[in-house]
Amino acid sequence: MAGNSFGKLFKLTTFGESHGPAIGGIIDGCPAGITLDLDKIQEDLNKRKPGQSAIVTQRKEPDTVVFLSGIFEGVTTGTPIGFTIENANQKSNDYSHIKDAFRPSHADYTYSEKYGIRDYRGGGRSSARETACRVVGGAVAKQLIKDIEIVAFTASVGELKLDKETDELDFSLIESNPVRCPDPETAANMETYIKEIRSQGDTVGGTVKCIIKNVPIGLGEPVFDKLHASLGQAMLSINAVKGFEFGSGFEGTKLKGSEHNDLFNQDGSTKTNLSGGIQGGISNGMDIYFNVAFKPVATIMQKQETINSKGEFVEMQGKGRHDPCVVPRAIPIVEAMAALVLADFWLQNKVSKI
Ligand SMILES: Cc1cc2nc3c(=O)[nH]c(=O)nc-3n(C[C@H](O)[C@H](O)[C@H](O)COP(=O)(O)O)c2cc1C
């Protein structure tokens with residue numbers, strides 16, 4: 001299986017399956033001399049971990065990261081940073097029904113066809129449990145690029161949208177509710193809706209908005225590694241993501257050039273920011289912002305028709321502990337992937353001119 005590493009200079013490789021003994025990763029290329037705040041890394045992991053509120057999967061995992069290398073007396077040594085996170089709460093019997101049958105819209109069929117063998121327990125490698133390792137990698141990256149501020153929050157759940165401009169939002173309220181929406185009234189409606197959907201044995205999708213401030217000018221490597229292209233790859237590599245839109249996005253297509261152009265101030269900043277902080281694939285110093293769309297995830301507690309490995313139609317009903325809406329738990333994952341991209345380009349930018 002290829003494709004388990006992300007990044008060029010600041011590179012994260014992850015390993016492990018949902019119901020194996022542990023998942024883990026190696027961060028290669030992290031410069032020496034960074035004093036790591038390990039509590040901050042664990043804090044980010046706690047935001048992703050299952051069982052944290054009534055509206056997420058009730059799988060109980062402490063998700064404690066154990067660092068094995070690359071850190072001496074709290075400081076990075078420049079050598080590979082290896083880490084593991086134990087899988088402490090597997091209930092593999094919950095998954096015997098998918099041993100020979102494929103969950104519609106999950107990864108069971110494609111993994112089986114591609115590899116001819118599949119660790120079906122908890123979805124194996126296709127489980128979003130893997131994203132805990134991305135959160136660790138991203139949390140280390142954040143400490144390398146500590147002046148850059150990355151904030152993500154829930155912008156919609158199903159049809160319920162956060163109808164406020166970014167400058168009207170108080171980001172300190174994001175963690176005040178389990179939905180991670182900075183508007184408490186909208187958050188309460190979203191929470192009620194997610195509970196309703198869960199009681200119907202169903203799932204619902206939503207969007208995450210991410211805003212990145214204090215980005216230095218010059219990050220991004222044209223032409224194939226444009227900053228927005230790499231952010232897009234990072235976000236689209238997260239489980240259940242169906243869309244990525246940055247800057248003015250699809251709405252921007254409705255404007256004329258005369259309305260869409262970001263006119264300059266004399267210092268090079270722009271009066272508007274429909275470009276989303278990136279021009280020609282390179283950060284221009286303005287805020288970067290983008291939206292990430294998450295689908296209603298596949299495992300529903302309702303009966304659905306599917307096929308088994310013999311190609312016969314069978315009936316399947318979801319079992320086990322699943323997320324009715326993954327968006328609240330996806331917030332730290334989006335932030336982590338953004339941090340990995342920015343840290344990598346921050347390092348690459350060091351050789352762009354003499
Ligand atoms: C934080 C998070 C939690 C998830 N939890 C579940 C879940 O409980 N049940 C499920 O069927 N899918 C869940 N998913 C999505 C699956 O991992 C994903 O849909 C699956 O691997 C197939 O990949 P695809 O949807 O990207 O095609 C979750 C995704 C994320 C980001």
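1. Let's start with F294. Setting aside residues up to four places away in sequence, F294 touches G205, G206, V208, I238, N239, A240, V241, V326, V327, A330 and V334. Keep in mind while looking at this that the model is predicted.

2. F294 also turns up in the largest nonpolar core, which has 79 residues. Along with F10, I212, M235, F290 and V334, F294 is among the residues there that touch the most other members. Which helix gives the most to this core? That is helix α7, spanning residues 327–348, with 15 residues. There is also a second, separate core of 5 residues, with Y95, I98, A101 and Y120 among them.

3. On to the ligand. It has 14 residues around it, and the ones that come nearest are S126, A240, K295, T299 and D323. By type, the shell splits into 6 nonpolar, 5 polar and 3 charged residues.

4. Which atoms of the protein lie 2.8 Å and 2.9 Å from an oxygen atom of the ligand? For S126, a backbone N or O atom sits 2.8 Å from a ligand oxygen. For A240, a backbone N or O atom is 2.9 Å from an oxygen of the ligand. N239 uses its side chain instead: an N or O atom there is 3.1 Å from a ligand oxygen. As for cover, the ligand taken alone exposes 630 Å², and the protein buries 86% of that.

5. You'll find A240 in the loop between α5 and β11 (241–246). Its phi is positive, about 75 degrees, although A240 is not a glycine. Buried or exposed? A240 counts as buried because its relative accessibility is 18%, and the cut-off for buried is under 20%. A240 is also one of the residues that F294 touches.

6. S105 has a positive phi too, at about 65 degrees, and again this is not a glycine. S105 lies in the loop between β7 and α2. With a relative accessible area of 59%, S105 is exposed, since exposed means over 50%.

7. R103 is in the loop between β7 (81–86) and α2 (108–115). Is this charged side chain's residue buried or exposed? R103 is buried, because its relative accessible area is 6%. Leaving out residues up to four places away in sequence, R103 touches Y95, I98, D108, G123, T299, M316 and H322.

8. Q348 is another polar-type residue to check. Q348 counts as buried because its relative accessibility is 12%. Beyond its neighbours within four places in sequence, Q348 is in contact with K8, L9 and E221.

9. Last, a backbone detail. Where is the peptide bond that is cis? The bond runs from P222 to V223, with omega near 10 degrees. V223 is in the loop between β10 (206–213) and α5 (227–236).

Notes: Residues numbered from 1 in each chain as written. Predicted model: local features only at pLDDT ≥ 70, side-chain atom pairs only at ≥ 80, totals over all residues. Heavy atoms only, no water. Core = buried A, V, L, I, M, F, W, Y, C linked by side-chain atoms within 4.5 Å. Buried < 20%, exposed > 50% of the residue type's maximum accessible area, 1.4 Å probe, protein only. Helix = DSSP H or I, 4+ residues; strand = E, 2+ residues; numbered from the N terminus. Contact = heavy atoms within 4.5 Å. Near = heavy atom within 4 Å. Polar contact = N/O pair within 3.5 Å; in protein donor to acceptor, adjacent residues only side chain to side chain. Areas by Shrake-Rupley, 256 points an atom, 1.4 Å probe, with all protein chains shown as cover.
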